[in-house]
Amino acid sequence: MEILYVMIPLGLVLVAFGLWAFFWATGDGQFDDLDSPGWSVLDDDPPPGSTREDAGPPPPEQPK
């Protein structure tokens, strides 16, 4: 029975921390754009004829 005097306040502190973290993330803009990260997986190849040096990793070397 005495463990309830520890577990209930500890549970309330954990719930309060979770609520604080949720509202902090919401206010910080973590949930503003939920669609673009999923679609960005499909856009990993640079367009043909691109001259950007940071367009991706270099092609693998051919064995000699």
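Which residue just after α1 takes a positive phi? Select Gly29, which follows directly after α1 and has a positive phi of about 90°.

Before going further, note that this is a predicted model, in which local features need pLDDT of at least 70 and side-chain atom pairs count only at pLDDT 80 or more, while totals for chains, interfaces and linings use all residues. Residues are numbered from 1 along each chain as its sequence is written, and side-chain values use heavy atoms, with hydrogens and water left out.

Now colour the protein chain by secondary structure, which comes to two helices and zero strands (DSSP runs, H or I of at least four residues for helices and E of at least two for strands, numbered from the N terminus). Select α1, residues 4-27: this helix has 24 residues and reaches 34 Å from its first C-alpha to its last, close to the 34 Å expected at 1.5 Å a residue (that is, 1.5 Å times one less than the number of residues).

Next, show the side chains of Phe17, Trp20 and Trp24, which form one aromatic cluster. Trp20 and Trp24 are a stacked pair, 6.5 Å centre to centre with 20° between the planes (ring centres of Phe, Tyr or the six-membered ring of Trp within 6.5 Å; planes under 30 degrees apart are stacked, over 60 edge-to-face, the rest tilted). Because they are four residues apart in α1, Trp20 and Trp24 are separated by about one helical turn. Trp20 is exposed, at a relative accessible area of 52%, whereas Trp24 is partly exposed at 49% (buried is under 20%, exposed over 50%, partly exposed in between, with a 1.4 Å probe and protein chains only).

Finally, select Ile8, which also lies in α1 and is exposed, with a relative accessible area of 51%. Show the whole protein chain to finish: buried residues make up 2% of its 64 residues.
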